[in-house]
Amino acid sequence: RSRSTRSFLVTFILFVLLAEQLVKASSEYDPYKVLGVSRSASQAEIKKAYKHLAREWHPDKNKDPGAEDMFIKISKSYEILSNEERRANFDRYGQMDENQPFGQSQHQGFRSFHNSFYFDESFFHFPRSRDFADSKYLLHHAQYNSVVLPDSHRRPYLIKVTSEWCFACIHIEPVWRETVQELEPLGVGIGIVDLGYERRLASQLGAHRAPSIIGLVNGRVTFFHQAVVREHLRQFVEDLLPQRLVEKITDNNYLPFLSNWHVENKPSVLLFDQVPVVPLLYKLTAFAFKDYVRFGYVDQGETSSTQLLRQFNINTYAPTMLLFKENTEKPADIIQARGMKRQIMDEFVSNNKFLQVPRLVNQQLFDELCPIKQFHRRRKYCVLLITGEDQAFVPGNKAFLDFASANSKDVLRFAYVYQRQQLPLCQALFHNQATLSPQVVILERRSQAGKVLYRSVTGGWNGSEEDKHHLHEQLELLQKDPAYLSSDTTLPELNNEMAPMFLIQWMNAAYDYILQLYDDFLYSNWREMMPILSLIFSALFILFGTVIIQAFSRPPKKDFVEVTELTDITYTSNLVKLRPGHINVVLVLTDSSKNALLRKFAKEVFSFSGTQTLHFSFLNADKHSHWMPSLLASTPDAAQNLGLSDDDEESSDYTGHVLALNGYKKYFCLFRPVFTGDDPSDASFSSDASLSSASRRKSRSRSRSHLEVHHKLDRLGLWMERLMEGTLPRLRVPAWPSLDSRLKIDGLGKNATTDF
């Protein structure tokens, strides 16, 4: 018991200390000090001080990190001092909530402290009061993605992003309510997103501050950036709609417009009204039914529409809507009302969404015209004409249309398909048998997977009276006995004939993306854009560092081979001090063979000149005649690997020899000229060990008699390939001989000297 008493005392003391700190913190907040006015300041002085500080600390203009918090304090202070009752309450009790008298209990200190600052109440899970009229428009993340986003393809949405402590939101509230009262009856969707509660949804919309007004059409978000005026908001909604939703119709173009039902596969609606511009209500209706009906508008005040008014006997004193199907001379339905409402227009268009005999151009249209059998609903059958597009099929198609018009019933839906456009469907119905003549099929859909019961009307269809009578008998039998449909099959999904090409889809998507980027960069808060900009600049920096710099650092491909002469000056840097991994390919020549051999040498090694580890040089044997014998003499394995003897060394002509010298690892590979003539197989990298030295000398002397200089390097390209593959024999040297010809060479290199 004593232990529990001590625990209770410790908890109570901590609670009292915390309460004192909170009350002290609340007492330290002084709205007079925040606004910089005295306690006796007038309302005019308070208002003037508020305007000055609000302009100075507005987050859009002041980039100080604490500007937003300071702006909230300024707004809250003005809210307290501008109200006489709240100001008096603060002067008397240091209390800022006029509904709660200060000093009733210790708990009031916590509430006074909380109400003094702009803390987000969602963090403390405190209940908040909200206008009941706004509560029905509140959007949540799941609701937005499941309901609003798909519905934006039928109607535009106007969404306001607000928060509890948004002072600017209070200023735009009257305009917002007037706009909602005007646009919502026209069919515009309204939504409100609370920035404090719906951070996830606000982040998805790209709204990071309040107030923000957003337009949503076809799933694309557009921000409103003008002054919050009702006319601007109305125009903003109108601009969100796609262009050419409604076509202006006159006496000159009404016939092509109405006759285009065959191509578009849609009914046509004409609205006659007195105003010169298309009403927003009519545009919104056209947007809602854009996938089903084509819309035109006729201005009754224009002289170019006189013939239209006379032909259809239009009453000019009230708006009139005419709906046309296959018959362009007589409307299929008509409506006229002085006060045209959205509900009336929607009902009028919904009842006439399809032609009398529409063409099945996609699966969606098939699903709506021929719904799947439901157990609690009456059976519905689809009478399908399978025909062609050529002019020869037109009489039969027109006869089918006349039959459908005369036998229209709620249980029957008439439609047709082009065999060439919907070949998989036709193959499923006729079991891959070719159907050249038009056929009529009666079917009933039974499952979502495509299963149907059907029966093909025998005899085909050519539109004769006999065909009409026979089809009428078949439909009468179907009404009496549903088992009349004796065949079954599974239909594939219909081809979408109206789908735009991939290139057009890509261009539309790219256009929307560019518009979105333009809008973001032009109007977004740069502080909000910093993460995106940082990512972009980081990617550009990586691209610059890894690609561009590397491209510039790589030497350009040359159209020539740079060959350096080995002299007393260049010998050390080009051989002795060559970097590890680098090889110097040296051509041995004389003054008389220099031009011919260099041209041939450049041609053979040109394809290898781009390699960074290869260097090319030449050695003039007339100037440094002792270097080549000295190198071979200092190589212990040269005689064994190359088949050399002392006699060879004394009489050898080294013109055309090529050496690949690795100065760091002290080895070289040797190319000996190819002798084209009596012995073409005598190559530098292949020698016949079975021949004696005398035989080889005789053969070589015969070859020299008709040897052309430039043919000495004929097989150098193959030798270079083996060099790069690393398959050539390597001859080790203990030390590189000096290039200075004044040094004496004796014996097999015992007295050879080097520069290092």
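This briefing covers charged side chains and disulfides in the structure above.

The model is predicted: local features need pLDDT of at least 70, side-chain atom pairs count only at pLDDT 80 or more, and totals for chains, interfaces and linings use all residues. Residues are numbered from 1 along each chain as its sequence is written, and side-chain values use heavy atoms, with hydrogens and water left out. A search of the whole structure finds 19 salt bridges. The structure also holds two disulfides.

**Terms**

- A salt bridge is a side-chain nitrogen of Lys or Arg within 4 Å of a carboxyl oxygen of Asp or Glu.
- Buried means under 20% relative accessible area, exposed means over 50%, and partly exposed lies in between (1.4 Å probe, protein chains only).
- Helices (H or I, at least four residues) and strands (E, at least two) are DSSP runs, numbered from the N terminus.
- A disulfide is a pair of cysteine sulfur atoms within 2.5 Å.

**Positive surface patch**

- Lys47, Lys51, Arg55 and Lys61 gather in a surface patch of positive charge.
- Patch residues have over 30% relative accessible area and no salt bridge; like charges are joined within 9 Å, and nonpolar side chains (Val, Leu, Ile, Met, Phe, Trp, Tyr) within 5 Å.
- Lys51 sits in helix H3 (residues 43-57).
- Lys51 counts as partly exposed because its relative accessibility is 42%.

**Salt bridges**

- Side chains of opposite charge can pair when their charged atoms come close.
- Arg420 pairs with Glu389 in a salt bridge, with the closest N and O atoms 3.0 Å apart.
- Arg420 lies in the loop between strand E11 (412-418) and helix H20 (423-430), and Glu389 in the loop between strand E10 (381-387) and helix H19 (394-406), so the pair ties together parts that are 31 residues apart in sequence.
- Arg420 is exposed, at 64% relative accessibility, whereas Glu389 is partly exposed, with a relative accessible area of 35%.
- Arg155 is partly exposed at 29% relative accessibility, while Asp151 is buried, with a relative accessible area of 17%.
- Arg342 and Asp346 also form a salt bridge through their side chains (2.8 Å, N to O).
- Arg342 and Asp346 are four residues apart in helix H17 (residues 342-350), so about one helical turn separates them.
- Arg342 counts as buried, at 12% relative accessibility.

**Disulfides and other cysteines**

- Cys370 is joined to Cys382 by a disulfide (S to S 2.3 Å).
- This pair links distant parts of the chain, twelve residues apart: Cys370 is in the loop between helix H18 (363-369) and E10, and Cys382 is in strand E10.
- Cys370 is buried at 4% relative accessibility, and Cys382 is buried with a relative accessible area of 1%.
- Cys166 and Cys169 form a disulfide, with their sulfur atoms 2.1 Å apart.
- The Cys166 and Cys169 link is right-handed, with 85 degrees about the S-S bond.
- Both Cys166 and Cys169 are buried.
- With the bonded cysteines of the protein chain numbered in sequence order, the pairing is 1-2, 3-4.
- Cys426 is buried at 3% relative accessibility, and Cys669 is buried with a relative accessible area of 2%.

Methods. Accessible areas come from the Shrake-Rupley method with a 1.4 Å probe; for residues, only the protein chains shown count as cover. Lys and Arg count as positive and Asp and Glu as negative; His and the chain ends are not counted. The place of a charge is taken as NZ of Lys, CZ of Arg, CG of Asp or CD of Glu.
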